[in-house]
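Please find below a short note for a reader who is meeting this structure for the first time. The points may be read alongside the sequence and the model.

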Amino acid sequence: MTSAAFALALSAAVIHAVWNVLVGGARDPRAATAVAMLAAAAVGLPAAIAGWRVSADAVPWMVPSSALELLYAFLLAAAYRRAAVGVVYPIARGAAPVIVLLFAVLTGVGTNVGQIGGVVMVCAGILLVSRGRAAASRTDVLMALGVAATIAGYTIVDKHGIEHASAVAYFECVLAPAALLYAAWTASRLGIGALLAEVGLKTVGAGIGMFVAYALVLAALDQAPAAAVAAVRESSIVIAAVLAAVLLREPLGRRGIAGAAAVAAGVAVTALA
């Protein structure tokens, strides 16, 4: 992995962690998520148009991916509304690739000792994160795992869909409908005033971060193997836990630190095995 690719992947990890902390620490994560998604779709539109390439064959993949993106928004905002970022983020980001791996195994793709070891490390890390936080209930953990399941779902779908479109155009076609539907639902439940109240530098910055993190990962993938990029990206799990402690004043005990580190290491081992 070149130093340039490493820098791109690490930058994506930092930005991804930052936007999650910004959304998770908002007064109302539901409204903040809606504003951030709309901002991400708006920022990505010019780039999507400039590099537009979308085949009709991509549509059957875009529709379920957008539905999963919408479900992801619902679950993520709900999870951040009741649980700490330092609980939700490590579990959601760490368990997602494990679910993808398990799906691959169930569909006939082989595995190896390294990948199994990585899965064990992730599971151990999740237990440490959940038990290291007094406020982490079983419901909190289950909601975070629900977020992980949606991430795994659209990852599996997008692996096929991206073959029929340019990456940014595909991302825009998936994100924009989900962003509009989620914003409409949030406005109907909370009122348009709730959305307007969350419009600001933090939420708009979070939306820009969504798009920029995605673009940086694409740039890294152009210079390095996917497994290596994925391994570096998972450093965001530790970064988010530290940022949540510093910016949101979430308690970060030894178990929380060890759990986040174990999850990140487990995913890295799984990706590189």
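Which residues make the nonpolar surface patch of about 540 Å²? The points below begin with this patch. The model is a predicted one, in which local features need pLDDT of at least 70, side-chain atom pairs count only at pLDDT 80 or more, and totals for chains, interfaces and linings use all residues. Residues are numbered from 1 along each chain as its sequence is written, and side-chain values use heavy atoms, with hydrogens and water left out.

1. The patch is made by Val43, Ile192, Leu196, Val199, Val204, Ile208 and Val212. Helix H8 (192-198) and H9 are the elements that give two or more residues to it, and H9 supplies the largest share, three residues. (Patches consist of residues with over 30% relative accessible area and no salt bridge, nonpolar side chains being joined within 5 Å; areas come from the Shrake-Rupley method with a 1.4 Å probe. Helices are DSSP runs of H or I, at least four residues, numbered from the N terminus.)

2. Val43 is found in helix H2 (residues 29-50). Val43 counts as partly exposed, at 32% relative accessibility. (Buried means under 20% relative accessible area, exposed over 50%, and partly exposed in between.)

3. Glu172 has its place in helix H7 (residues 167-190). Glu172 is buried yet has no salt bridge, and the nearest side chain of opposite charge, Arg53, is 16 Å away. (A salt bridge is a side-chain nitrogen of Lys or Arg within 4 Å of a carboxyl oxygen of Asp or Glu; Lys and Arg count as positive, Asp and Glu as negative.) Beyond its neighbours within four places in sequence, Glu172 is in contact (heavy atoms within 4.5 Å) with Ala40, Ala41, Gly44, Leu45, Ala48 and Pro177.

4. The whole structure holds five aromatic pairs. (Rings of Phe, Tyr and Trp, the last by its six-membered ring, pair if their centres lie within 6.5 Å; planes under 30 degrees apart are stacked, over 60 edge-to-face, and the rest tilted.) The rings of Phe74 and Tyr182 have centres 5.1 Å apart and planes at 80°, so this pair is edge-to-face. The pair links Phe74 in helix H3 (residues 59-82) with Tyr182 in helix H7, 108 residues apart. Phe74 is partly exposed at 26%, whereas Tyr182 is buried at 0%.

5. Phe171 and Tyr214 form a stacked pair, because their ring centres are 4.1 Å apart and their planes at 15°. Phe171 lies in helix H7 and Tyr214 in helix H9 (residues 201-221), so the pair ties together parts 43 residues apart in sequence.

Technical notes
Buried < 20%, exposed > 50% of the residue type's maximum accessible area, 1.4 Å probe, protein only. Patch = residues over 30% accessible without salt bridge, like charges linked within 9 Å, V, L, I, M, F, W, Y side chains within 5 Å.
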